[in-house]
Structure formats: structure tokens, C-alpha cells
Amino acid sequence: MMASQSNPRLSFASYNCRGINDQKVDYVRELMNVHDVLFIQEHWRLDEGLSLLERQLQVANVFGKSGMDATCMLTGRPFGGCAVLVKKTLQCTVSPIDTNNRRLFSCILRFPND
């Protein structure tokens with residue numbers, strides 16, 4: 001799969017962040033500087049927190065879901081959550097796939113001429 005004519009390969013990485021805070025956002029930003037797509041697990045954010053993560057990063061679009069149900073009272077520490085971060089400079093569309101599962105996120109990346 002081609003990312004662009006000047007960079008013929010995509011670079012992927014995966015990171016189990018065990019809760020994403022300001023320090024870890026900086027690390028995720030560093031990962032996004034060298035990778036095109038980043039899979040993160042255990043971000044511990046509610047769905048609304050993913051848009052905040054996107055604003056904090058500024059370099060990537062964030063697609064994913066929380067492992068927690070926002071309609072229930074949260075007791076104990078936060079848990080779960082998975083997301084796919086796609087570098088904003090990639091010319092692709094991202095189509096999430098409904099999995100009907102809070103523990104699983106899936107999507108299709110489509111590139112021009114693919």
C-alpha cells in the first residue's frame with residue numbers, strides 16, 4: 001500500500017499507554033512524528049475524551065472508542081479503550097466499522113487510486 005509517491009510505505013506502531021496523560025500525549029506525538037498510523041490500547045478515556053486527545057496532538061486524526069459506558073457511574077479507576085491515530089498529512093479517508101463491542105475498534109483506510 002502506498003502512502004505517497006515520495007514515501008512508498010506506511011509505517012505502523014502500537015502502544016499500550018495504560019492511561020493517557022499530558023506526559024504520554026507528548027510521547028504519542030513523538031511516535032506520530034515517525035509513524036503514519038498508531039494503534040493505542042488502554043487510553044482510559046470516555047468517547048468525548050478522544051476529541052480532546054486529537055486537539056492535544058494536533059498531528060493526527062483520532063478514531064476509536066472508550067472501554068467504559070458513559071451512561072453508567074464510573075467506579076474505581078478508568079479502564080479500556082482502543083483507538084487508531086492517523087497522521088493528518090496522509091491523504092486517506094477513514095471509515096469506522098461498527099463492531100458492536102466496546103473492547104474492539106476497526107476501520108478501513110482508503111487511499112486515492114487504491
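Mentor: Start with the largest nonpolar core, which has 17 residues. V28, L38 and L85 have the most contacts inside it. This is a predicted model: local features need pLDDT of at least 70, side-chain atom pairs count only at pLDDT 80 or more, and totals for chains, interfaces and linings use all residues. Residues are numbered from 1 along each chain as its sequence is written, and side-chain values use heavy atoms, with hydrogens and water left out.

Trainee: What makes a set of residues a nonpolar core?

Mentor: The members are buried Ala, Val, Leu, Ile, Met, Phe, Trp, Tyr and Cys residues, joined through side-chain atoms within 4.5 Å. In soluble globular proteins, nonpolar side chains tend to be buried together.

Trainee: Which element gives the most to this core?

Mentor: α1, with four residues. Helices (H or I, at least four residues) and strands (E, at least two) are DSSP runs, numbered from the N terminus.

Trainee: Why is S66 called buried?

Mentor: Buried means under 20% relative accessible area; over 50% is exposed, and in between is partly exposed (1.4 Å probe, protein chains only). S66 has 0%, so S66 is buried. S66 lies in the loop between β3 and β4.

Trainee: Which residues is S66 in contact with, leaving aside its neighbours within four places in sequence?

Mentor: Contact means heavy atoms within 4.5 Å. The partners of S66 include H43, D47 and R102.

Trainee: How do you know that K65 has no salt bridge?

Mentor: A salt bridge needs a side-chain nitrogen of Lys or Arg within 4 Å of a carboxyl oxygen of Asp or Glu. Lys and Arg count as positive, Asp and Glu as negative; His and the chain ends are not counted. For buried K65, the nearest side chain of opposite charge is D98, 5.2 Å away.

Trainee: What joins the side chains of K65 and T99?

Mentor: A polar contact of 2.9 Å. The term means a pair of N or O atoms within 3.5 Å; within protein, one must be able to donate a hydrogen and the other to accept it, and residues adjacent in sequence count only if both atoms are side-chain atoms.

Trainee: How do you know that β2 and β4 pair?

Mentor: Two strands pair if DSSP finds at least two bridges between them. β2 and β4 have five, in the antiparallel sense. L38 stands opposite L85 in β4. β3 and β4 also pair in the antiparallel sense, over six bridges.

Trainee: What makes β4 mostly covered?

Mentor: Six of its six residues are buried. C82, V84 and V86 lie on one side, and A83, L85 and K87 on the other.
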